[in-house]
Structures are given as structure tokens and as C-alpha cells.
Amino acid sequence: MSALSVRNLSVSYGDRRVTHDVSFDVAEGESFALVGESGSGKSTVLRAISGLAREWTGDISALGAPRGHRVDRAFARQCQMVFQDPYGSLHPRKTIDATLAEPFLIHGIGDRDRRIVAALEAVGLDRRYRFRFPHQLSGGQRQRVAIARALVVEPRILLLDEPTSALDVSVQAEVLNLLKRLRREQGLTYVLVTHSLPVVSFLADRLAVMRQGRIVETATVAQLRADELRDPYSRELRRLSQGRATA
Ligand SMILES: Nc1ncnc2c1ncn2[C@@H]1O[C@H](COP(=O)(O)OP(=O)(O)OP(=O)(O)O)[C@@H](O)[C@H]1O
């Protein structure tokens, strides 16, 4: 059984359809990346899966359970999203403890104290940060909190929307290493949106290349590394990325 199955997903904002018949499957424990130019619809796919974009057609299911168009708490518990910007995603006047407690209210689950302590430990944040405020933490620590917030409900799937691109280069590697370790330790499945092919190569097993709302190619990371992408646009993306890496 797939951890996540997306079939013919077309998402609209008002009159404008921004993705067209997007289909992919992600196996349990696999890490799958969506890449492509800005505006190609990568984040929109994650927003539809997570329930933030409501106008969609097609089928989305997690661990065999289809998601509906309304708020779907059971689905959300299995499938949690981590956003790009740890500054924007944490409430400035809430302590880390209050932020980590929110999912317990939303999902009506217990064992709060144990799960909060376990999540802080899993992301490598000392317990003394628990009662601090976001402005007392560094960018990397804040992103660790955002990841802990996703983990407290013990999901099977994480949707990662540019999880390191808002961070200083020096802390990007730390957070990427953390995500790699968490996936291994907790058997998590990832769907990752990124502009960076080096990030794909580090964190993903397979990738889909999106252009103008459609998937133009799906490939393994081994194929990406071996320069075996077939689609001309995917090849161009790889070429440009290499240019940037050596610039
Ligand atoms: N809330 C919204 N309302 C209306 N249009 C939107 C909304 N969010 C995104 N769009 C539009 O949908 C299209 C796809 O955007 P999306 O953010 O999914 O692309 P992306 O590939 O993730 O881009 P980026 O890499 O820049 O984040 C874009 O044209 C964008 O302007």
C-alpha cells in the first residue's frame, strides 16, 4: 500500500486552474520531491493534500484512506505539513509549549506532556526552550520547533514545503541532517517541495519535475545524479542547477 496516492489532481484558485491531472504515489518510508520553476504549482499540490487549498478534483489518499474536501482531522493527523518560514509559522506571543500544545486541542488527543517532551528531544531542542518565546530562538531552532509541532501528533507522512530555504546557509545543513535522521528513526514518509536539486539529492529517493501545473517527468535520484533525466525541461533545470552550484 502507498503511504500517499495522488490521482489526477487539478487544483484551482477561483477561476484559475493551476495544476492539471497531477498523479504520483509515494511508498511508505519513501522521500519524494516535487521540483520545478517558481509558480509551477508545487506548493499548491501540498496545500491540496493538507487541506489548505479546497478547490480540487481528483483523488488523494493517505495509507489507503481517501481525504474529503472538508476538514479531515483523521487525515491531518497522519499527514502533517511543515512550512518554509519558521518566523511566520510560529505565533510570536505563544511560548514553544503553547505552540506544541495546539495540535492536542485540535485533535483531542491526550498524553500531552510526554509527547511534547519526546518531540523536543526528537528535534534536538533542550527542554529549557520549552517555555521560551519564538524571538528567543534562532532561525534553525524555530524550524526545529515547527518540525516538533508536526511530530507531536505522531504522523506517518510529513509534507515539507521548502523546509530550509528561509534559513541561513550555515543552519540549512543542520536541519537537512535532522530531517534525514527523523525519517530513518521514525519510519516517516516525506513529500518535499524544493527549488534545490542538491537538497533533492540529499533528502529524496525520487522526484517529479513540474512545469506549468503538470508533472513532465518522474525519476529516481540515482537517475538525476547520473544525468539520465529524459525530458528537455528537466535536463535544463539540472543544467542550470549545476551552473549555480559551481558559480
Ligand atoms: N492563494 C492563492 N490564490 C491565488 N493564486 C495562487 C494562490 N497561491 C498560489 N497561487 C498561484 O498559483 C500558481 C502556483 O503557485 P505555487 O505556489 O503552487 O507554485 P510553486 O511551484 O510552489 O512556486 P514557488 O516555487 O514560487 O513557491 C502561481 O501562479 C501562483 O501565483
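Residues are numbered from 1 along each chain as its sequence is written. Because the model is predicted, local features need pLDDT of at least 70 and side-chain atom pairs count only at pLDDT 80 or more, while totals for chains, interfaces and linings use all residues.

Helices (H or I, at least four residues) and strands (E, at least two) are taken as DSSP runs and numbered from the N terminus, and two strands are said to pair if DSSP finds at least two bridges between them. Six strands form an open sheet in the order 7-8-9-4-10-11, and their pairing is mixed. Strand 7 (79-82) and strand 11 (214-220) stand at the edges with a single partner strand each, so one side of each has no neighbour in the sheet. On average, neighbouring strands of this sheet are turned by 20 degrees against each other, direction ignored; here axes are lines fitted to C-alpha atoms, for helices over the stretch in contact, and angles run from 0 to 180 degrees between N-to-C directions.

A residue is called buried if 20 or more other C-beta atoms lie within 10 Å of its own, exposed if 12 or fewer do, and partly exposed in between, with C-beta atoms placed from the backbone. By this count both faces of strand 7 are covered, since C79 and M81 on one side and Q80 and V82 on the other are all buried.

Further into the strand order, strand 8 and strand 9 (residues 189-193) run parallel and are joined by five bridges, with I157 opposite T189. Strand 9 also pairs in the parallel sense with strand 4 (residues 31-36), over four bridges, and there S31 stands opposite Y190. T189, V191 and V193 point one way from strand 9, Y190 and L192 point the other way, and all are buried. For L192 the count is 24 C-beta neighbours inside 10 Å. Two residues are in contact if their C-beta atoms, placed from the backbone, lie within 7 Å, and, leaving aside neighbours within four places in sequence, L192 is in contact with S31, A33, L160, L203 and A204. L192 and L158 are 34 residues apart in sequence, yet 8.2 Å apart in space, C-alpha to C-alpha.

Next come the helices. The buried residues of helix 4 (residues 112-122) are R115, I116, A119 and L120. They cover an arc of only 130 degrees around the axis, which puts them on the same side of helix 4; the arc is that of the directions from the helix axis to the C-beta atoms. These buried residues pack against helix 3 (96-107) and helix 5, whereas the face turned away from the buried side carries the exposed residues D113, R114 and E121. Just after helix 4, G124 takes a positive phi of about 75 degrees.

What surrounds the ligand? The shell consists of Y13, V18, G36, S38, G39, S40, G41, K42, S43, T44 and H195, where a residue is near a molecule if its C-beta atom, placed from the backbone, lies within 6 Å of it. Helix 1 (residues 42-50) gives the most to this shell, with three residues. The shell divides into two nonpolar, eight polar and one charged residue; Ala, Val, Leu, Ile, Met, Phe, Trp, Tyr, Cys and Pro count as nonpolar, Asp, Glu, Lys and Arg as charged, and the others, Gly among them, as polar.

Some single residues remain. D21, in the loop between strand 2 (16-17) and strand 3, has a positive phi of about 50 degrees although it is not a glycine, and with 13 C-beta neighbours inside 10 Å D21 counts as partly exposed. E154, in the loop between helix 5 and strand 8, likewise has a positive phi, near 55 degrees, and is partly exposed with 14 C-beta neighbours inside 10 Å.
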